[in-house]
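Biologist: Before we discuss the fold, could you put the sequence and the structure on the screen? I would then like to go through the helix packing and a few residues with you.

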Amino acid sequence: MSGHTETSTKQGATTAPQKISDQSFVRFGGLAGLLLALTSWSSVIVFYVLVPKDQQLPIGDKTAFLASLVKDPTGTELFYGLYALIAVWALIGIVGLYYRVRAAGEAWAFFATLVGAVAAVGTIANALYQVANYQFLAAGNTDAFATAIGVFQAQPPTNPFGIMTFGLTGFWFLLISLLLLKTTAPKLLALLGFVAVADLFFGFVVSLLGLNALTTYAGVIAGAVGGPIFWLWLGILLWRKAE
């Protein structure tokens, strides 16, 4: 009788599923943070080196923009492709960070993660939407030229007034920075997050006001300075925390 019980116990232990450690995802989040920083800097380099002047934001002469895009769309398409990849790394890092800050407030950390995930997925969709639009225009599909200009000038349905790239992203930075202040993370990291909040909210407001030049500057600052440095530092912390 006891032998049968012992055998059953051994069989149960043998067939028990193997759990994947949460720490492995935290480390993955750390790696994503590092890759996000590198991808952000790469996208800025691509924007200023490979994107022709007539295609750089904000667009001045829309006729010249379309002509330039038909001639050479590679730089612009690559820029938005990298922008989508940045959001992919952010989505992974956001979930990984949840395990770092949830002790400071489970509900708030979960809410911040939801906000960040929506912003990241929305940014991915918006960037890929832009790539698809530019591919369509670059293929010479501009017979209805006035229509093409009108579509280009309209707010993208995937990111009206920068709600994903500026509004919700800035809100996530705000929530996370407040939570980081309650953890053992360096306070300077949280302060850097607040700098990103100020820049992103500024970008959202000027986007609402239609000030395209200022919107571009806010995006460049976020993509070249605040965002990458924050994520680079955070990625290192997540990687070390998972060890």
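Biologist: At what angle do helix 2 and helix 4 pack, and how far apart are their axes?

Modeller: This is a predicted model, in which local features need pLDDT of at least 70, side-chain atom pairs count only at pLDDT 80 or more, and totals for chains, interfaces and linings use all residues. Residues are numbered from 1 along each chain as its sequence is written, and side-chain values use heavy atoms, with hydrogens and water left out. Helices are DSSP runs of H or I with at least four residues, strands are runs of E with at least two, and both are numbered from the N terminus. With axes taken as lines fitted to C-alpha atoms over the stretch in contact, and angles running from 0 to 180 degrees between N-to-C directions, helix 2 (residues 22-49) and helix 4 (residues 74-101) pack at about 155°, their axes being 7 Å apart.

Biologist: Are helix 2 and helix 4 roughly parallel or roughly antiparallel?

Modeller: Angles under 35 degrees count as roughly parallel, over 145 as roughly antiparallel, 65 to 115 as roughly perpendicular and the rest as oblique. The angle here is about 155°, and helix 2 and helix 4 are therefore roughly antiparallel.

Biologist: Where does F161 sit, and what is its phi?

Modeller: F161 is in the loop between helix 6 (145-153) and helix 7 (163-180), and at 34% relative accessibility it counts as partly exposed. Its phi is positive, in a residue other than glycine, and lies near 60°.

Biologist: How many helices and strands does the chain have?

Modeller: Of the 243 residues, 44% count as buried. The elements run α-α-α-α-α-α-α-α-α from the N terminus on, and the secondary structure comes to nine helices and zero strands.

Key:
Buried < 20%, exposed > 50% of the residue type's maximum accessible area, 1.4 Å probe, protein only.
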